[in-house]
Amino acid sequence: MTFLNGCYSCKWEAQRREKPRRPLCCCSLRERIFYPWLIMSFFLSVILLFTWVETSNEYNGFDWVVFLGSRIWFFWSLVLLSILGILAAYTTMLVVFGFLLCWEKNELYLHWYHKIMVLIVILFCSFLMWILLTFWRERWLTIGLSLQVFAPYIHLSSISAMVLLSWPVAFYLIHLEGEARMRRNQDTSERRRNKWCNMLTKLRVLQVVVGLPFLLILLCLYVVPFGTYSPCVQEKDKLAPKPDFFGHRGAPMLGPENTIMSFEKAVEQGAHGLESDVQISLDEVPFLMHDYDLRRTTNILEVMPNASDEQSSFFYWDFLSTLNAGKWFADSWIKPFFGMKPLSEADRERARSQKIPKLSELLQIARKAKKMVIFDLYTPPHSHPSRSSYIRLVVSVILDSKIEQHLIIWLPGSERDYVRSKAPGFQHIGRLFTIERLTKEKITRINVDYKNLFYDGLKEYKAANITINIYLVNEPWLFSLAWCSSIHSVTTDNIQVLKEINHPYYFMTPDFYMFMWIFLDIISAVFIVAIFYSIWLRESRSEKILQGITSYTETPSVRSLHEEVLRVEETR
């Protein structure tokens with residue numbers, strides 16, 4: 001108790017005092033008012049921590065967004081994860097310590113240092129919650145998808161947790177019942193009896209407040225499978241084939257993104273296709289670059305620092321071809337992805353020598369390896385000489401490369417009629433258009449954000465025989481969800497890990513899930529009843545012993561002394 005009280009109120013002196021007779025918390029009105037704020041900070045921090053953990057697939061994109069604003073590349077996502085973890089642990093500690101102090105009927109006094117920190121946590125978490133609700137609403141869809149995958153396991157784990165929780169709940173409820181029975185049987189003055197009747201009402205209210213939510217939650221857990229859906233719960237014979245892989249900018253965890261090394265690594269890893277980003281230089285050469293400037297992935301700050309903020313398309317190819325596009329990947333102490341495996345010395349040397357490639361170089365790799373190619377084609381700025389002709393320029397480069405036309409998955413939405421007339425073999429792919437529009441434009445493929453799986457798993461597109469590719473899938477659980485949802489292909493940074501998955505994670509058959517559900521329901525009910533009965537039996541024995549002692553001490557002299565003590569207490 002000294003340790004708990006010291007952590008909670010910063011009072012480390014051991015205090016000896018008798019516990020109050022009633023089982024209610026002895027604390028001031030100010031503390032009772034502030035405790036809900038502590039509970040609020042706990043829930044906010046835990047919800048945000050859970051949200052950030054479940055959206056780990058988005059960490060690299062978040063780091064890139066922060067880089068655009070700060071010009072500093074760092075694992076900002078992990079910094080935020082650490083902060084949220086510390087805040088959640090801190091508020092959890094205060095809530096648990098406060099509960100234990102109440103349990104032991106100690107007076108609550110949260111030190112003002114903690115109160116200031118709790119208010120800071122509430123403000124900080126509220127600010128982050130506002131950002132999520134305003135700018136990153138789609139992250140909540142990621143939470144929904146993760147719950148679809150983990151729902152059966154969360155359900156079964158929650159039942160086990162309720163069994164463990166039943167022990168303190170049973171102890172508290174039966175203790176309250178014993179306290180109420182003891183007070184009801186006591187024979188005292190009318191004034192004291194009225195006061196204790198009010199106390200009995202409070203005890204009954206406490207029993208309802210604690211016991212009813214526990215019972216309702218337990219009953220909901222027993223029937224929750226009737227209202228849950230998980231794509232990973234299905235028959236084995238209905239499981240679709242493993243999705244194909246498109247290497248996102250190649251294999252960016254094995255080589256510098258959008259470089260020849262990266263695309264060759266993706267081919268070595270068995271990629272079905274290669275994904276990239278195409279921009280047009282000032283002298284009309286299509287080249288591969290994702291960012292609108294060259295700061296992050298080249299050495300332009302060393303070569304031409306005054307022009308480092310210039311858009312990538314406003315440079316001539318003769319200059320772009322001289323820039324190094326690999327040293328940032330090989331030599332930087334902060335890697336582009338957290339948890340990347342160290343490069344071998346040969347790969348490190350190879351990465352250091354990488355240059356910005358032209359689109360034609362990517363097409364040659366794909367032609368030799370018989371790999372599909374999909375790319376985002378950036379519209380040149382208004383003052384760019386290729387502003388009105390960039391589509392025709394890129395189509396011309398593709399045709400000159402002699403790559404088989406069916407290997408090109410054409411994503412740009414402009415001038416599709418011209419593209420079809422010049423290259424009838426291209427496979428056209430659309431966004432999340434309506435089925436009617438896709439049919440009208442003769443598009444049989446779509447390329448969509450993985451978060452759209454939340455809406456019925458894109459079932460209407462599957463029913464219309466539309467081939468679906470989703471991006472950006474890096475986490476194994478998300479790839480498993482795509483597999484169970486019968487998605488045809490995924491775009492990924494993490495091809496070297498996902499290719500090793502030979503069966504979707506968290507997959508189970510409906511029969512096995514039903515068996516585990518019924519089995520755990522029965523076992524948990526038996527355990528909970530046994531726990532309540534054992535605690536009730538122990539309390540009954542203790543009460544009988546106490547009654548025996550009381551009957552022995554209830555002699556006329558002792559009774560008169562007891563009544564005198566009560567009268568003294570009433571006059572206080």
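**View 1. Strand S4 is mostly covered in this predicted model.** Strand S4 spans residues 372–377, and five of its six residues are buried.

**View 2. Strand S4 has strand partners S2 and S5.** Let us begin with strand S2, which covers residues 273–280. Six bridges join S2 to S4, and these two strands run parallel. Which residue of S4 is the bridge partner of glutamate 275? The partner is isoleucine 374. Now turn to strand S5, residues 408–410: two bridges join S4 to S5, again in a parallel arrangement. Here valine 373 has isoleucine 408 in S5 as its bridge partner. To get from S4 to S5, the chain passes through helix H14 (residues 390–400), and this β-α-β crossover is right-handed.

**View 3. Phenylalanine 150 and tryptophan 477 form an aromatic pair.** In the pair shown here, the ring centres are 6.0 Å apart and the planes make an angle of 45°, an arrangement called tilted. Phenylalanine 150 belongs to helix H6 (residues 138–185) and tryptophan 477 to helix H18 (residues 476–484), so the pair ties together parts of the chain that are 327 residues apart in sequence. Are these two residues buried or exposed? Both phenylalanine 150 and tryptophan 477 are buried.

**View 4. Phenylalanine 245 and phenylalanine 479 form a stacked pair.** The distance is 5.3 Å from centre to centre, with 25° between the planes. The pair counts as stacked because its planes are under 30 degrees apart. Phenylalanine 479 lies in helix H18, while phenylalanine 245 lies in strand S1 (residues 244–248), so this pair ties together parts that are 234 residues apart in sequence. Phenylalanine 245 is buried, and phenylalanine 479 is buried too.

**View 5. Five aromatic residues are linked into a cluster.** Try to find each member in turn: Phe74, Phe75, Trp76, Trp333 and Phe338. Ring pairs provide the links between them.

**View 6. Two arginines lie over the faces of aromatic rings.** Which ring does arginine 392 lie over? Arginine 392 lies over the face of tyrosine 418, at 4.3 Å from the ring centre. For the other example, find arginine 437, which lies over the face of phenylalanine 433 at 3.8 Å from the ring centre.

Terms used
Residues are numbered from 1 along each chain as its sequence is written. This is a predicted model: local features need pLDDT of at least 70, side-chain atom pairs count only at pLDDT 80 or more; totals for chains, interfaces and linings use all residues. Side-chain values use heavy atoms; hydrogens and water are left out. Rings of Phe, Tyr and Trp (its six-membered ring) pair if their centres lie within 6.5 Å; planes under 30 degrees apart count as stacked, over 60 as edge-to-face and the rest as tilted. Helices (H or I, at least four residues) and strands (E, at least two) are DSSP runs, numbered from the N terminus. Buried means under 20% relative accessible area, exposed over 50%, partly exposed in between (1.4 Å probe, protein chains only). A charge sits over a ring if NZ of Lys or CZ of Arg is within 6 Å of the ring centre and within 35 degrees of the ring normal. Two strands pair if DSSP finds at least two bridges between them. A crossover is right-handed if, with the strands pointing away from the viewer, the path from the first strand over the helix to the second runs clockwise.
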